[in-house]
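Let's walk through this structure together, one neighbourhood at a time. Please keep the model open beside you as you read.

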Amino acid sequence: MTAPGVDDAVRAKEPVIERRLHPVTPLRRAWAPVAVVVGWAVHDPDQAQQQLTRLTTTTLLVALAVLVPAAALYGFLTWWFTHFAVTETELRIRTGLLFRRTAHIRLERIQAVDITQPLLARVAGVAKLKLDVVGTDKKDELSFLGEREARALRAELLARAAGFAPETAHEVGEAPVRELLRTPPRDLAISVALTGATWGSLAAALVVPPVLWLATHSVWTVLATGLPLLGAAGASSAGRFVGEYDWTVGESPDGLRIDHGLLDRTHETVPPGRVQTVRIVEPLLWRRRGWVRVELDVAGSSNSVLVPVAPRAVAESVVARVLPGVSVPSAEALSRPPRRAGRCVPVWWRGCGLAVTDTVFAARHGLLRRSLALVPHAKVQSVRLSQGPWQRLWRLADVHVDTGANKTVTARLRGAQEAAELLRGQAERSRTGRRDARPDRWMAP
């Protein structure tokens, strides 16, 4: 019989196998020297134009003959000196041609592993692996890997982060996914058209140019202002449609999977237990159709949208998967501020509401664009009460709830006595919620 510590000692002495990125990577990195030259030309166009006029055809051909091989050599060397390896406890990434950098990413600190495929990467059959790690603002990434290799590595990292042994992590494979929601392109297009920002941009593009024409009678001024406004309106609407096209939400043991994108395809993961706040947004022009948008605040992650547009009942069913045991309070369950709040904020005070259940702190604000924020008690980091001079006069106060994602949810215009009781009660609910919360683990049963 082998002693318990022998296997660990033998495994610790096993060599770490380092791997390289996909061979197509040098083509991407070869653009760096070219980008430097282009950046210099954009920064000082007059000087660049003067230098170009002095160049003869022979000089230009010689410069290209030097620049192209130099760019190719740079791309090859940066690829050659980039390695990564997965050990029992961490992911190691070694990069750098002149200045070496080695990143040691502990597996238990990994929050999400996302796969993105820009359009050209999809054509080449490669993908970019991005990692959200606790305590870091910038994502580490591996670009590029073969599409199959990226998915296999993602599954291996998640399996090891969940506590599977190294020898079985490869066998676990990618966790199965059960589809919860798929956004139809027609609904997405209509929702973008009914967004207030789109109409605001179009209105500005239609109103500002005539005003400028009456004021200046200059065609160039009108074109210089009107065309960018029209372009911004079209780009914001088209960009949102392209980015959120074919939005699919699926449930798997390693969290919720989100796939989306028409040109650049993105495969994201909502980490289990890391969601700090869920916001259900209801724009004015969506209410007739009963549509809502669901947004997220995730600690240490850039994931911010869960559902771009969906019927309210469907969206709430997805929220229930993100926040197990939490039910979304109905509009009737939200208590309004006292009527004297209208002295502080006329009309708009009617859009504020509050509901505190056994599991969640829910605060609503907005009259035209309603937003209901849900914060589980276990995710509350601190509670604050604020009261301005005008609010003190009318015995009102705001209660602020701070979360682990450096965000704040505010219950506005509450009665002063109610706010004080809410402050004391929420502090106790937060302590109880953190004590009873499930551990934030990948593939937890």
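**A buried arginine and its partners**

The side chains of arginine 414 and serine 335 are joined by a polar contact of 2.9 Å. A polar contact here is a pair of N or O atoms within 3.5 Å; within protein, one must be able to donate a hydrogen and the other to accept it, and residues adjacent in sequence count only if both atoms are side-chain atoms. Before going on, note that this is a predicted model, in which local features need pLDDT of at least 70 and side-chain atom pairs count only at pLDDT 80 or more, while totals for chains, interfaces and linings use all residues. Residues are numbered from 1 along each chain as its sequence is written, and side-chain values use heavy atoms, with hydrogens and water left out.

Arginine 414 has a side-chain polar contact with glutamate 418 as well, of 3.1 Å. You will find arginine 414 in strand 19 (residues 408-415); helices (H or I, at least four residues) and strands (E, at least two) are DSSP runs, numbered from the N terminus. Is arginine 414 buried or exposed? Its relative accessible area is 1%, so arginine 414 is buried (buried means under 20%, exposed over 50%, partly exposed in between, with a 1.4 Å probe and protein chains only). Beyond its neighbours within four places in sequence, arginine 414 is in contact (heavy atoms within 4.5 Å) with residues including Pro337, Leu354, Arg395 and Ala419.

Now turn to the nonpolar cores. Such a core is a set of buried Ala, Val, Leu, Ile, Met, Phe, Trp, Tyr and Cys residues joined through side-chain atoms within 4.5 Å. The largest has 30 residues, of which Val275, Val278, Leu296, Leu306, Val322 and Leu374 touch the most other members. Among the elements that each supply at least two residues of this core are strand 11 (275-282), helix 12 (312-322) and strand 16 (370-376). Leucine 374 is in contact with Val278, Ile280, Val319 and Phe361, among others, leaving aside its neighbours within four places in sequence. Apart from this core lies another, of 23 residues, including Leu21, Ile93, Ala103 and Val113.

Next comes a pair of strands. Strand 5 (residues 126-133) pairs with strand 6 in the antiparallel sense over six bridges, where pairing requires that DSSP finds at least two bridges between two strands. Lysine 130 stands opposite glutamate 141 in strand 6. Strand 6 (residues 140-146) is mostly covered, with six of its seven residues buried.

Last, look at leucine 157, in helix 7 (residues 147-161). Leucine 157 is buried because its relative accessible area is 0%.
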